[in-house]
Each structure stands twice: as structure tokens, then as C-alpha cells.
Amino acid sequence: MAFDHAAEDWLAWQQTPWARVYYALVRRILSTLPDTPGRSRDVLDVLDVGGANGVDSLPFLEAGHRVTIIDSSSVLLSEAVAAAERGGLDRDRLRVEYRDLDDRPLPPPTGSAGWDLVLCHNVLHYRDDPAELVGRLVAATRPGGTLSLIAPNPAMDVLAAAVRDGNPGQGLALLDAPTRRSVTVGAMMHRLERADVEAGVRAAGAAVTGRFGLRTVIDLVSDDDLKRDPEWLRRTTELELALCARVPYRDIARFWQLICRRRD
């Protein structure tokens, strides 16, 4: 589905304190990925599926890798190009493609058997058949390559409604609800359990090598003015970074993230 109608709201959301915590966590996790097995070159081919304005993938361009972003929003893709130009990044290593994610197959990298790294962040929950897309994502990843998946965690839907919003009735209503509406883009989202997506990853021929939770603390705080305090935000981000890989904290965070390796 196209998100041009919500592009302005999405860009505004990215400037919020809670979004800044989210992106700090994602960047830290991706920056600590081990070298992809069997890779003999220093430059990675990175595919960002539903990558919008490239906040998650442009750091790889900055590091000298080749990045392709595909999205169904021409507005957000234009923002990705503009961000690369503002940062003085190598435009020859950046490709953006306006396409529907139903288009098959996913685009191949130039002169390679598959992508070294595939990102699909905050896309699966908008799909009626997320397992089908997971299969295509794994197929697009080269043997031994890495796939990163992120989606909202249904557990935090319940906790945030009851604790942050003070609405236990809404929390109870969300407990077994199959869908909810996105506040930012206004679209219906399927509530995806991490374990179900993991099963789809394994069925498609990849192994889960890392499980993370993004934003365990800040989504339970109701005081938005406190979140805008720079020192509080710094200390909270530090805590979130310490919690993101730890059980049980990762299992109740706002988002779950899976790091997967395609089998050889």
C-alpha cells in the first residue's frame, strides 16, 4: 500500500524522542552484526524493503556500501535521496525504486547471486500474508547473508494501553485482537507474534541468530515532556541499549527485531 498520504506524519514521528530511541537501538544492533560468512569483499550490497526515507539503511551508504531502497511512497524515496545529498554521500552507490511490494521478484543486486544484507523494518504487519513476504526476503538474501526483520510487539500494545494511557479496558480489548490501527499512518496492522514470524523464517530456509526488543521503558512513560528532557533521554537510551537483548525485557518491548542468516 502507498503511504504518500501519511509521509508528513511519518517524517514528524521520526523527530520524536521515542523515535530517536528506536533508531539508536536499530543502528547499534545493525552496527554490531558479524561479518557475513563467506564474503570476500569489503563492500556489502544492502536492500532496504519498504525503507521509506532510508533512516535505517543510509548509515550503510555512509560506511561505503551499496544501498538499494524500495518503497511504495515516492515522497519518502525523494526524502532518502535528499538526505544522502545533504550528507555528501556517494549517490552512485544509492539506488531508489518506487514499487509495490507485491511486485515479484524483489530486485537483484548488480552482478551478485543475492543481497548481503536485507532490511525489512515495520512492513510485515501491514501484509495480509506476512509469511509470503518473508519467503521472498529470504530468497533475495544470498546464502550466508543476513536478514533483519522488525515489527510491533503485541505485548506492548496491552501494557502501554493499561499503564501509559491508564486505560485497562483498552488493554483488555487488545489482548486477543488480531489487528489495530496505526496512529501514525492510519492503516490497519496485523498483530504479529515474534514466534510466528520465526517459524516462517525457518520454513523459508534461514536461521534466527539474534532476538532483540526495541523500547522497553520509554513506551510505559506517560509524561511526554519528561521524554523531551535531553539528559533523561540520554540516560533512558543507555538503559534501553542495555535491555534490548536481555530476557525478559526484550520480550515486552514496543518492537521485536530478528536477525536471521540464510542457510548455505
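Predicted model: local features only at pLDDT ≥ 70, side-chain atom pairs only at ≥ 80, totals over all residues.
1. Strand 1 covers residues 45–49. Because 5 of the 5 residues of strand 1 are buried, this strand is largely enclosed by the rest of the structure. Side chains in a regular strand alternate between the two faces of the sheet. Here Asp 45, Leu 47 and Val 49 point one way, while Val 46 and Asp 48 point the other way, and all are buried.

2. Two parallel pairings involve strand 1. With strand 2 (residues 66–71) the pairing runs over 5 bridges, and Asp 45 stands opposite Arg 66 there. With strand 4 (residues 115–121) the pairing runs over 3 bridges, and Asp 48 stands opposite Leu 119.

3. Asp 45 deserves a separate entry. Its relative accessibility is 3%, under the 20% limit, so Asp 45 counts as buried. Beyond its neighbours within four places in sequence, Asp 45 is in contact with Arg 66, Pro 109, Ser 112, Trp 115, Asp 116 and Leu 117.

4. Nonpolar side chains tend to be buried together in soluble globular proteins. The largest nonpolar core in this model has 38 residues, and Tyr 22 and Leu 214 have the most contacts inside it. Helix 2 (residues 17–31) gives the largest share of this core, 9 residues. Another core, of 26 residues, lies apart from it; among its members are Cys 120, Val 123, Leu 124 and Val 138.

5. Tyr 22 touches Trp 13, Asp 56, His 121, Asn 122, Ile 150, Leu 214, Arg 215 and Phe 255, when residues up to four places away in sequence are not counted. Two of these partners, Asn 122 and Arg 215, return in point 8.

6. Helix 6 spans residues 154–164, and its buried residues are Pro 154, Met 156, Asp 157, Val 158, Ala 160 and Ala 161. These buried residues pack against strand 5 (141–152), helix 7 (168–174) and strand 6 (179–181). After helix 6 comes Gly 166, with a positive phi near 65 degrees.

7. A search of the whole structure finds 1 cavity of 30 Å³ or more; the volume of the largest cavity is about 50 Å³. Its lining consists of His 125, Pro 152, Asn 153, Pro 154, Asp 157, Arg 180, Met 189, His 190, Arg 191 and Arg 254. Helix 6 and strand 7 (188–190) each supply at least two of the lining residues.

8. Most residues other than glycine have a negative phi, and most peptide bonds are trans. Asn 122 has a positive phi, near 60 degrees, and sits in the loop between strand 4 and helix 5 (130–140). Asn 122 is buried, with a relative accessible area of 16%. Arg 215 has a positive phi too, near 75 degrees; its place is in the loop between strand 8 (206–214) and helix 9 (224–227). At 4% relative accessibility, Arg 215 also counts as buried.

9. Arg 104 and Pro 105 are joined by a cis bond with omega about -10 degrees, and Pro 105 is in the loop between strand 3 (94–98) and strand 4. The bond from Val 247 to Pro 248 is cis, with omega near 10 degrees; Pro 248 lies in the loop between helix 10 (230–243) and strand 9 (255–262).

Methods. Residues numbered from 1 in each chain as written. Heavy atoms only, no water. Helix = DSSP H or I, 4+ residues; strand = E, 2+ residues; numbered from the N terminus. Buried < 20%, exposed > 50% of the residue type's maximum accessible area, 1.4 Å probe, protein only. Contact = heavy atoms within 4.5 Å. Pairing = 2+ DSSP bridges. Core = buried A, V, L, I, M, F, W, Y, C linked by side-chain atoms within 4.5 Å. 1 Å grid on protein atoms, 1.4 Å probe; cavity = no way out; pocket = protein on both sides within 12 Å on 5 of 7 lines; lining within 4 Å. Points joined across faces, edges and corners; volume = space filled by probe spheres on them.
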